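Student: I have a model open and would like to learn how to read its features. Could you walk me through it?

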Amino acid sequence: QVELVESGGGLVQAGGSLRLSCVASGRTFSSPVMGWFRQAPGKEREFVATINWTGGITDYSDSAKGRFTISRDNHKDTVYLQMNSLKPEDTAVYYCAGSKILTTTTKAVDYWGQGTQVTVSS
């Protein structure tokens, strides 16, 4: 079993920045790939970014490319999402995810965090 706990969400003005953190505990080696997804009201959960165990491979959604950066510190069992140049359309609940493979779909996710709210005001 793996437990994921997110933090760092909040209210920010458009153009601002936030850094989300996700601390993993338990059998993290069973799902070594980490990622971030988000879900806006009335919409499906969508992929944002993912990173492999070593941090050497990352992938981003088109909306995140150039603005968001995913990273991880395995010594701290923590994955981060640095979000810059935030836009109102980035408003959503952001979920940390653990999986066995690099994936951009929710179907391949083994574990989810509880989510953290990000609200970007215009």
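**Cavity, sheet and core**

Tutor: Searching the whole structure turns up one cavity of 30 Å³ or more. This is a predicted model, where local features need pLDDT of at least 70 and side-chain atom pairs count only at pLDDT 80 or more, while totals for chains, interfaces and linings use all residues. Residues are numbered from 1 along each chain as its sequence is written, and side-chain values use heavy atoms, with hydrogens and water left out.

Student: How much space lies in the largest cavity?

Tutor: Rolling a probe the size of a water molecule over the atoms shows where empty space is left. A cavity here is a set of points, on a 1 Å grid over the protein atoms alone, where a 1.4 Å probe fits but cannot get out. The largest cavity holds about 120 Å³, the volume being the space filled by probe spheres set on the points.

Student: Which residues that line the largest cavity are the closest to its centre?

Tutor: Of 15 lining residues (an atom within 4 Å of a point), Ala 24, Thr 28, Met 34, Arg 72 and Asp 77 are the closest to the centre. The elements giving two or more residues to this lining are β1, β3, β7 and β8; strands are DSSP runs of E, at least two residues, numbered from the N terminus.

Student: In what order do the four strands of the open sheet come?

Tutor: Strands of a sheet pair through backbone hydrogen bonds, either parallel or antiparallel. Here the order is β1-β3-β8-β7, with antiparallel pairing (two strands pair if DSSP finds at least two bridges between them). β1 and β7 are the edge strands, each pairing on one side only. Between β1 and β3 there are six bridges, and Val 2 stands opposite Gly 26 in β3.

Student: Which members of the largest nonpolar core touch the most other members?

Tutor: Such a core is a set of buried Ala, Val, Leu, Ile, Met, Phe, Trp, Tyr and Cys residues joined through side-chain atoms within 4.5 Å, buried meaning under 20% relative accessible area with a 1.4 Å probe, protein chains only. Among its 27 residues, Trp 36, Leu 81, Met 83 and Tyr 94 touch the most other members. β3 gives the most to this core, with four residues.

Student: Is Lys 107 buried or exposed?

Tutor: Lys 107 sits in the loop between β9 and β10. Its relative accessible area is 81%, so Lys 107 counts as exposed (over 50%).

Key
On a 1 Å grid over the protein atoms alone, a cavity is a set of points where a 1.4 Å probe fits but cannot get out, and a pocket is an open set with protein on both sides within 12 Å along at least five of seven lines; lining residues have an atom within 4 Å of a point.
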